[in-house]
Amino acid sequence: MNTEDILKSLNTQAIGKNIVFKSETDSTNLDAKRNSDYLHGTLFIADTQSSGRGRLGRSWESKASDGIYMSILLKPDILPEKIPEITLIAGISVCRALSGFNAKIKWPNDIIIGSKKVCGILNEMSATEDKINYVVCGMGINVNTKEFAPEIKDIATSLFSETGITYKREEIICCILSEFEELYNEFIKNGLKNIIDEYKSLCKNLGREVKAIFKDKTVTGTAIDITDTGELIIKTNDETITVASGEVSVRGMLGYI
Ligand code: BTN
């Protein structure tokens, strides 16, 4: 990973303008949290993570030099209740950067190519009732990964697996950061209103039969829409429910999507 290459090509105002790189760390999200006094937009990157963290308490496989493991530290001046919406922005920015691979979103923020996951996003935050201290937006992207662990090999892919080409991670990072900043600035100004349609058009679950797996129950139905604030609307046989991303894992009826 050459951070000089990133800084040279980056065309952003704030996002990624400061970079903290470690060849090895436990988790770049934890690095960002431990250094939450750093500037808005600081990017924490590592070549490998020993305790990569995923959504819903899962772990994230983070082999040396194969993938992108990065976290953006954000200090948005918005209401704490709006923070989950930043997840949508992160998903769209990765999709835009990987549009050449026809990347899409599996709600809320898994990025998929075909029916396999290429990127996961984990947003974490610290806030009081009315003030955000910081938000950390962590992204893990399978770039040059050649083999996956048996338990995920059927549902995971990488850019290399899709094309047989080895990619320069720095170029992909620059592209994501630039898309992210554009969307983030729009979001801070106008909320999701000019962004939500793009999210919906990228979201592969819409119109499909899904299983929403909660801690204590599983609900099946059709994913019919996304609310203006990014929740998934599912129509079951007897009701229509709205689910927020923090509480549920959504799968297709037959497999991952
Ligand atoms: C998921 O799909 O469950 C989210 C995975 C997020 C992984 C990334 S890798 C960089 C950052 N640091 C972490 O520990 N997790 C995120």
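The structure holds 18 salt bridges, a salt bridge being a side-chain nitrogen of Lys or Arg within 4 Å of a carboxyl oxygen of Asp or Glu. This is a predicted model, in which local features need pLDDT of at least 70 and side-chain atom pairs count only at pLDDT 80 or more, while totals for chains, interfaces and linings use all residues. Residues are numbered from 1 along each chain as its sequence is written, and side-chain values use heavy atoms, with hydrogens and water left out.

**Exercise 1.** Describe the salt bridge between Asp31 and Lys22, and state how accessible each partner is.

*Solution.* Step 1: the closest N and O atoms of Asp31 and Lys22 are 2.9 Å apart. Step 2: buried means under 20% relative accessible area, exposed over 50%, and partly exposed in between (1.4 Å probe, protein chains only). Step 3: Asp31 has 4% relative accessibility and therefore counts as buried. Step 4: Lys22, at 34%, counts as partly exposed.

**Exercise 2.** Determine which helices are linked by the salt bridge of Glu182 and Arg96.

*Solution.* Step 1: the N to O distance between the side chains of Glu182 and Arg96 is 3.6 Å. Step 2: this pair links distant parts of the chain, with Glu182 in helix α5 (residues 169-190) and Arg96 in helix α3 (residues 84-97), 86 residues apart. Helices (H or I, at least four residues) and strands (E, at least two) are DSSP runs, numbered from the N terminus.

**Exercise 3.** Locate Ser71 and identify its surroundings.

*Solution.* Step 1: Ser71 belongs to strand β3 (residues 67-74). Step 2: its relative accessible area is 0%, so Ser71 is buried. Step 3: contact means heavy atoms within 4.5 Å; not counting residues up to four places away in sequence, Ser71 touches Thr28, Asn29, Ala32, Thr42, Leu43, Phe44, Val136, Cys137 and Gly138.
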